[in-house]
Amino acid sequence: MSTEKVYIGVAHGGADAGAIGNGFRESDLALRVSLHCDKALRNSGIATMISRISDVSFPSTQKIPQANAFKPDVCLDIHFNSSATGSGNGVESFYTPNNAEEAKLANILCAGLSKLGLANRGAKPSQGAFSFGMVLNTTGVSNLVECAFINSPIDKKYYDTEEKLELIGRTIAKGVCEYLGVEFVDALPEKTGLYAVVKQVIALRDKDNARSEAGIHNRADPNSFYYVVSVDEIKPLRL
Ligand SMILES: [Zn+2]
């Protein structure tokens, strides 16, 4: 069986913060959740592409062609919701109208996130005021998930720490695995117990470019060992 592919669109970014509430910006929360989701999917053997890994602008007009070129089995767009009055709360997710596969994935994602305690607002067709290009104009089984309400006093407790954002990201990944029939690998075991002193980090969006960059350095300096890790795997130790 070929490797399953998942595209992760990260909401907003750069000058576009998206919704704001409870001291958070949607662009930041969506990025943290997306990076955790990406890592969990890759740990489960799924090939991923993520639209951004830092706070830069990469809008739907760029995400849509990037996603379609990647030809994903599942195409996600990860957001946080907001309501005018602050009274809305819970998770909801959007699928292409009359697309049973997308509705199935949307229901799985809502059910998974609601198990964390979030109210389940349910799977909804993307239409009318909720016509989203990342759902309607992308190939693969597409889904736009609104994880929780950024301006809800009820929802805040589900995303106000990095650990909770990780849990949301991993829950989305687990739901995608369930939909694809891929075994969800909870986490990779600690590998070597070795510590690397990192002198310089070159961040590249494209994995193949990163690999060839590492290869160039390895050939130029045989006493060094360059390899490619995801930026979110780099956790500085406080010394
Ligand atoms: Zn949004």
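Reader: Is glycine 23 buried or exposed?
Author: In this predicted model, glycine 23 is exposed, because 8 other C-beta atoms lie within 10 Å, and a residue counts as exposed at 12 or fewer.

Reader: Okay, and where in the chain does glycine 23 sit?
Author: Glycine 23 has its place in the loop between β2, which covers 20-21, and β3, which covers 24-25.

Reader: How far apart are the C-alpha atoms of glycine 23 and aspartate 160?
Author: Those two C-alpha atoms are separated by 9.6 Å, although glycine 23 and aspartate 160 are 137 residues apart along the chain.

Reader: Switching to the sheet, in what order do the strands come?
Author: The sheet is open and has 6 strands, in the order β4-β1-β5-β8-β6-β7, and their pairing is mixed. The edge strands are β4 (47-50) and β7 (120-125), each of which pairs on one side only. From one strand to the next, the twist averages 20 degrees.

Reader: How many bridges join β1 to β5?
Author: Strand β1 (residues 5-10) and strand β5 (residues 74-81) run parallel and are joined by 5 bridges. Within this part of the sheet, tyrosine 7 stands opposite cysteine 75 in β5.

Reader: And which strands does α1 lie across?
Author: Helix α1 lies across β1, β4, β5 and β8 (141-149), and runs at about 145 degrees to β5. Helix α5 also packs on the sheet, where it touches β1, β5 and β8, and its direction makes about 150 degrees with that of β5.

Reader: What about the core, which residues have the most contacts inside it?
Author: In the largest nonpolar core, which has 56 residues, those with the most contacts are Ile78 and Cys147. Helix α1 (residues 26-43) provides the largest share of this core, namely 8 residues.

Reader: Which residues does cysteine 147 touch, then?
Author: Leaving aside residues up to four places away in sequence, cysteine 147 touches Val33, Ile78, Phe80, Val91, Leu113 and Ile168.

Reader: Last topic: at what angle do α3 and α5 pack?
Author: Helix α3 (residues 100-114) packs with helix α5 (residues 162-180) at an angle of about 140 degrees, and their axes are 9 Å apart. As α3 passes α5, the crossing is right-handed.

Reader: Which residues meet there?
Author: From α3 come Lys104, Leu105, Ile108, Leu109, Gly112 and Leu113, and they meet Ile168, Thr171, Ile172, Lys174, Gly175, Glu178 and Tyr179 in α5. The residues of this contact divide into 7 nonpolar, 3 polar and 3 charged.

Note on methods:
Residues numbered from 1 in each chain as written. Predicted model: local features only at pLDDT ≥ 70, side-chain atom pairs only at ≥ 80, totals over all residues. Core = buried A, V, L, I, M, F, W, Y, C linked by C-beta atoms within 7 Å. Buried ≥ 20, exposed ≤ 12 C-beta atoms within 10 Å, placed from the backbone. Helix = DSSP H or I, 4+ residues; strand = E, 2+ residues; numbered from the N terminus. Contact = placed C-beta atoms within 7 Å. Axes fitted to C-alpha atoms, helices over the stretch in contact; angles between N-to-C directions. Left-handed = near helix turned anticlockwise from the far one by under 90°. Nonpolar A, V, L, I, M, F, W, Y, C, P; charged D, E, K, R; others polar. Pairing = 2+ DSSP bridges.
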